[in-house]
Amino acid sequence: MTSPGQAILWQIYWRARWGLAAAAAFLLLAVALTHLLPRHWTIQMDEMDVSAVGWFFGVSCLFANFIVMAAFSMSSADARNLTFTKHMFVLPVRTGTLVAWPMFSGCLTVAVIWLINACFVFRASGIAAPLWFPAAAFALLLASFQALAWTPFAQRWLHIALTTVVLTSPILVLLVGLILNLQLSEPMATCLLLGLIPIAYVAAVSGVGRARRGEAYDWRAWGRFVESLAKWRPAVTHPFRSIGTAQLWYECRAHLIVPVFIACLMPCLIFVPALAREDVALGWRLLAGLLFVPLMVAGLAGGALGNLTDPISKSYTASFVLVRPISSLSILRVKLATAAIMTGAIWLLFLGYISLLLTRPGFPQSIAQVASSAGVWKAIGYPILALSLLVLLTWKNMVASLWVTLTGRKWVEQANSFGFIGLVFIGIGIGLWVGFHPELHQPALAAVPWLIGLLLVMKLAAAGLVVRGLVQSRLTGPAGAALMVAMWLAAVGSLCALALFLLPPEYAAPKNVIPGIALFSPFSRLAGAPLALEWNRHR
Amino acid sequence: MRSPEFLFSDDVIEICGVTRKFGAKRALDNVSLAIPRGVVFGLVGANGAGKTTLIRHLLGLLQAQTGSVRVFGLDPVQEPVRVLARVGYLSEEGDLPGWMRVDELMRYMRAFYPTWDEVYAQDLRRQFELDPAAKVKTLSKGQRARAGLLVALAYRPELLLLDEPSSGLDPIVRRDILGAIVRTIADEGRTVLFSSHLLDEVERISDRVAMLKGGRILFTGELDEIKQTHHRLTLRFLDERRQPPELNGVLSWEGRGYIWTAVAHGRLDDLALAASAAGAEIIDQRALSLDEIFLAQVGTPRLQPEEV
């Protein structure tokens, strides 16, 4: 390497080489398949027929932009927090150079990726995607994120909140533009966005300069407020009742950040209940959509909960917990209890947020109308049952993904994420292929029971392996393993009975319901969590 | 289960033929070690010698790929709870959760150890000048090390494992407090195993020492015995030499012409006989410090000897 710029770019590339290689490979695959697969496979959007292949791959390729943005933001493992990579501060180069290379090369890369996507995927399949305006928007989004991420703040929560607000502001600007019916030509919008990049550069240079000098933006009033609170804080003297109570306190305090983070994000989505306020049907759709948000949040929260690294200071504190005289099963039991508490907290926040829908004109009346037509017991019982199932599902989603991070292996996390994304893409691909070949519909339907049977066999095999692992590692005895299986069977049996009792018989035949619920209810992932923790604990 | 041999053994730690590889790198290579109750055991070695890996095996955080590890006669991987309840550990990284306050840390730790001595813990807190309301993340590296040491000591563990305790402590705490505490623990019949780069400190407070190099134990034994078997010898040769001769037990050479200085390992009588056979006489001899022994054992030899 002959210049600092080359060295900086090499570092960005080398740290994110696998992600960048995956993004490049996917882009190439998308371009190739867009040209190879038939164009007459179309889907209807806004009363127009658009190429299904072009739409699917074009939208998917947007993730390549986000991978590149994450790489060029340079905030990862050794940077720990949102900050510029600290070891580079001592390099004998000006701050402007430190900032310019990752910022401008990053902006250029995301713009080029969009142009490839637009020209060779969207436009190649007949979708008239704009070229320059999105390219400039991606470049500005990256530059803004870099400027914010590299600026040091004494209060980490303030840093995250500010970054979230600024990065979601384009949605607000777009909405205001739509409401005020502002019209901007594409060249004008592109120039406007490109003109903002130098401002982001100046902000980033200022931020990195401050970080180099060790000066963080400090909200002193907040600091004084926290100090005054600390003075009032009574000294903790009374001991915990048991090891379990102490560990539960530890887990709750360590992962308090998850519901706090969700609460911080909510003001950014405050406009959602205000969309098309007069449309009562949309109110019901929004209600249905929002009720499912906690289920998605739960997966991410579960990952955080399983992580033994301190989620607040991000320091590696695994051995702090693992050298305590507490069994892996007890740690896991406490994590399951913490997941239940976090589920409760997340649902309380979301119910508060969802209640904003009641401010939509005509929506409360619509709810009252539906309730009165259903009868008192159904009107009370069904929402309670639905909410209980959703809460249970949220907890299930949270604990089902615990095992991944409990292994403490980055490669397991990455393999799990990429594997999941890969399966989704393969599933969509097969779905598209079958969907556009009518002659395949009948054989595909005939194959469904076999597929479910195969999945059930795989699930049983995995469960067998996990139970054997648990017994062999002496985490539980044969009686404990039998109890776990019995509890799973009881849970599946109860859910099946409930589904068969509540759902109309034409939609819920036992041959569909029982395998569906059996596949859906986690066993190996939950029972395997202690094994994952043991694998992490005794490497 | 307590192993049957341990019922008759007074060794707190028994490591037998442990090998550990990380990829192609052999971090521990057939290490065997026994540490009896009531001693202060110093583990010395260069960076990457395997000291931390060895300590992590004792905690059950690493599993022996070959061989066995017993702490109090128990396998720390099979019975972590029973072993860890009796072990105090201070890690090199000071991996305490940053969000905890010092008093919260003490309260949390107290729950795990029935032997926690609150009066002693508060004494240590005052001695280490730690503010109970301070968050761990706001503490300096040295203060964090003190907090880690406090919570490792306050339940009076039977075995104290200190991984590079000196790296975060200032000289006053290191010399006056840590040394005194470690000696007190040993006097009470408890055992201390600590790794350190600071050999003067190891020499000052250890009863026994093991020196690791490249994952292998170079030597282990009583500190006095080790010092008695290492010598700095000044030799006068009958003829002028460009290269020193090959002598059994010599670890390193310095000098030129007729007068050469050797750092040697072995009985003095044997070394004198060997020198005489090589045409030299010992004109001066003195004992070595642990620092000098370490350098001679671990450092690269400055001169290549010639065959006699």
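Does Gly464(A) count as buried or exposed, and what is the number of C-beta neighbours inside 10 Å? The close-up views below, taken from a predicted model, begin with this residue.

**View 1. Gly464(A) in helix 19 of chain A.** Gly464(A) counts as exposed, because 11 C-beta neighbours lie inside 10 Å and a residue with 12 or fewer is classed in this way. The residue belongs to helix 19, which comprises residues 441-472 of chain A. From Gly464(A) to Ile113(A) the C-alpha to C-alpha separation is 46 Å in space, and the two are 351 residues apart in sequence.

**View 2. Packing of helix 11 against helix 14 in chain A.** Helix 11 (residues 257-265) and helix 14 (residues 328-354) of chain A pack with their axes 10 Å apart, at an angle of about 10°. The two helices of chain A are therefore roughly parallel to each other, the cut-off for this class being under 35 degrees. Helix 11 contributes Val258(A), Pro259(A), Ile262(A) and Ala263(A) to the contact, while helix 14 contributes Met342(A), Ala345(A), Ile346(A) and Leu349(A). Of the residues in this contact, 8 are nonpolar, with no polar and no charged residues.

**View 3. Arg474(A) in the loop between helix 19 and helix 20 of chain A.** Arg474(A), a residue other than glycine, has a positive phi near 60°. Arg474(A) counts as exposed because it has 10 C-beta neighbours inside 10 Å.

**View 4. Asn30(B) in strand 2 of chain B.** Asn30(B) is not a glycine, yet its phi is positive, at about 55°. Strand 2, in which Asn30(B) is placed, covers residues 25-36 of chain B. With 14 C-beta neighbours inside 10 Å, Asn30(B) counts as partly exposed.

How values were computed
Residues are numbered from 1 along each chain as its sequence is written. Chains are lettered from A and ligands numbered from 1 in the order in which they are written. This is a predicted model: local features need pLDDT of at least 70, side-chain atom pairs count only at pLDDT 80 or more; totals for chains, interfaces and linings use all residues. Helices (H or I, at least four residues) and strands (E, at least two) are DSSP runs, numbered from the N terminus. A residue is buried if 20 or more other C-beta atoms lie within 10 Å of its own, exposed if 12 or fewer, and partly exposed in between; C-beta atoms are placed from the backbone. Axes are lines fitted to C-alpha atoms, for helices over the stretch in contact, and angles run from 0 to 180 degrees between N-to-C directions. Angles under 35 degrees count as roughly parallel, over 145 as roughly antiparallel, 65 to 115 as roughly perpendicular and the rest as oblique. Two residues are in contact if their C-beta atoms, placed from the backbone, lie within 7 Å. Ala, Val, Leu, Ile, Met, Phe, Trp, Tyr, Cys and Pro count as nonpolar, Asp, Glu, Lys and Arg as charged, and the others, Gly among them, as polar.
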